[in-house]
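Here is a short report on one protein structure.

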Amino acid sequence: MSVRRLAEDQFQPAAFAFNDENAAWADKTIQKYPEGRQQSAVIPLLMRAQEQDGWVTRAAIEKVADMLDMAYIRVLEVATFYTQFQLAPVGTRAHIQVCGTTPCMLRGSEGLMSVCKSKIHHHPFERNAEGTLSWEEVECLGACVNAPMVMIGKDTYEDLTPERLGEIIDTFEAGNGASITPGPQIDRHFSSPEGGPTSLTDEEPKKKASAKKVVAEAATAKVDAAPVPPSEAARPKSTDAETNAALKTPATAPKAAAKNVKAVEEQAAADAGKPSLSDKNRPAGIEKPATPDDLKLISGVGPKIEGTLHELGIFTFAQVAGWKKAEREWVDGYLNFKGRIERDDWVKQAKALAKGGEAEYIKVFGKKPR
Ligand code: FES
């Protein structure tokens, strides 16, 4: 780790002040933190000072310390610890941070540093003759998948070659840095494979779709294989042509489709280890009343569970209060609650709420419902 010190006195300005816009931003930022925790704003304020002046001056460190009621040494510790803070003047048009960590090094970061040395200055942190450019080597910047890369300001430029970095440096030097699109500098979208996707192409969704089809067909086959009710068995058997024609009639096709959907849902529920919706222990549902009870008042019921209960036709405390053991077990299994309905005693809670609302709940449980 490099030794990080403040710049020589000759570079240090006598004073620092945030401009009006940044001062207003700083006040607002400090207020984000709870009383007594304003010091937490130290990093954002130092970063804003750097964005304003290009680097963090001693005067800026002292100003931030005063604003946050901190000892100067504490802010100095922060500024010298984090390498994103520049402690000496850097190039006014671009300071190029070249990642030199292993993946970037293996993919050519040394070539990028050679370009910086030849175009800017042989030594890092030294500015070019015009004072417009500077560079440094940094540790991993988190874009290793597109190595090698550099960071300029808040943008990364990835998949670089020495030639491309040379062009980028020239463009910044000309004051046109904003014209370069950051990110990969080759035919790559973000971190997708070079030249386009090689996985999750169209084939994958097709495979998933066909897997779903197999499940649906299996479920349909089960339904078709179910014993024929005597009344139907007595009917003369229709030919395939007749069956097809019947399936096409508007009256029967929706029924058949609904039957298949139900079968698929039941199959999916069974696969998930849920009890069947047609199980005899499923509690009876009702039509949604005009003003359903707020089931979320029962401890253990959140918005999602309430939605599921509604799907099951459960809308009132009275319904829950009336559940027998087998019904409670069915709901517990359906919600995959692992016994929580008993542990939270939904029935007792629902009885209290059905009898006298929150007041009765407080009387019974000594606390407000959640
Ligand atoms: S190693 Fe260079 S970005 Fe991670």
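F125 counts as partly exposed, at 43% relative accessibility. Buried means under 20% relative accessible area, exposed over 50%, and partly exposed in between (1.4 Å probe, protein chains only). This is a predicted model: local features need pLDDT of at least 70, side-chain atom pairs count only at pLDDT 80 or more, and totals for chains, interfaces and linings use all residues. Residues are numbered from 1 along each chain as its sequence is written, and side-chain values use heavy atoms, with hydrogens and water left out.

**Backbone**

Most residues other than glycine have a negative phi, and most peptide bonds are trans. F125 has a positive phi near 70°. D159 has a positive phi near 55°. A cis peptide bond joins A147 and P148, with omega about 0°. P148 sits in the loop between β2 and β3. Strands are DSSP runs of E, at least two residues; helices are runs of H or I, at least four; both are numbered from the N terminus.

**Cysteines**

C104 is buried at 2% relative accessible area. C144 is partly exposed at 33%. The count of disulfides (cysteine sulfur pairs within 2.5 Å) is zero.
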